[in-house]
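Please examine the structure shown below. The report that follows describes its overall fold and the surroundings of its ligands.

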Amino acid sequence: MTLVPKSCGACSVCCKELMFDIAGRRILAGVMCPHAAPPQGCTIHQTRPEVCRAYFCGWHHLPSLGEDWRPDTCEVLISFREGPAPDGKSGGIEFELIGARDRIFWLPLVEYIATLIADNDPVFLSLPGDVGYQSPWVYLNDIAPLKDAIANRDFAATTAALSQALQICIDYPKTPLPDGTV
Ligand code: SF4
Ligand code: SF4
């Protein structure tokens, strides 16, 4: 199979949802970076901060995800997490619902999450954080009804458990970003 390199096109989602300062601190999630000029892209591309260079967009790097998964189209930002998951596994994939929350029920997303969890890959669901606050998130592998539903190939129970996971994100206690961020 020949892989066609993906282009960000008019997408600038990561430059809005994951805005970092030059020191690599996450700031002002939900506010477009002043260096972004959508749909053209980054106006300082050659000199953009290291944190921008190091960001791995899941859509860009997962060859199985087609154009319908581009973040500005599907309203789901996929990122790779570093560090241990709550159960000690390393890394993981995070799905952040940057638009309508009912995108959690988008069939390709449900199927992809189910495949990852069935394979025991760490999977996180998150929502954009308010300015100055951490993004609410939940570790999907820890939700027993979801794992059971996926193991039983029960679609209705799977979507019900994803709805439960979404509610955990919605109810997430507001947690200010660490000192040094705004
Ligand atoms: S979110 Fe991904 S596709 Fe969109 S601008 Fe960032 S790297 Fe490109
Ligand atoms: S510096 Fe460029 S790549 Fe980095 S967030 Fe801003 S617009 Fe995006």
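## Contacts along the chain

In this predicted model, 52% of the contacts in the protein chain between residues at least 6 apart in sequence join residues at least 24 apart; a contact means heavy atoms within 4.5 Å.

## Basis of the model

Residues are numbered from 1 along each chain as its sequence is written, and chains are lettered from A and ligands numbered from 1 in the order in which they are written. Local features need pLDDT of at least 70, side-chain atom pairs count only at pLDDT 80 or more, and totals for chains, interfaces and linings use all residues, while side-chain values use heavy atoms, with hydrogens and water left out.

## Fold and surface

The protein chain contains 7 helices and 6 strands, taken as DSSP runs (helices H or I, at least four residues; strands E, at least two). From the N terminus, their order is α-β-β-α-α-α-β-β-α-β-β-α-α.

Of the 182 residues in the protein chain, 40% are buried, that is, under 20% relative accessible area with a 1.4 Å probe. The protein chain exposes about 9900 Å², of which carbon and sulfur atoms supply 56%; the areas come from the Shrake-Rupley method with a 1.4 Å probe.

The residues around ligand 1 (a heavy atom within 4 Å) include Cys-8, Cys-11, Cys-14, Cys-57 and His-60. This shell has 7 nonpolar, 2 polar and no charged residues. At least three residues come from each of domain 1 (10–55) and domain 2 (56–170), with bounds from an automatic or database domain assignment.

## Surroundings of ligand 2

Ligand 2 is surrounded by residues including Cys-15, Cys-33, His-35, Cys-42 and Cys-52. Its shell divides into 7 nonpolar, 1 polar and no charged residues; Ala, Val, Leu, Ile, Met, Phe, Trp, Tyr, Cys and Pro count as nonpolar, Asp, Glu, Lys and Arg as charged, and the others, Gly among them, as polar.

Definitions and conventions:
Buried means under 20% relative accessible area, exposed over 50%, partly exposed in between (1.4 Å probe, protein chains only).
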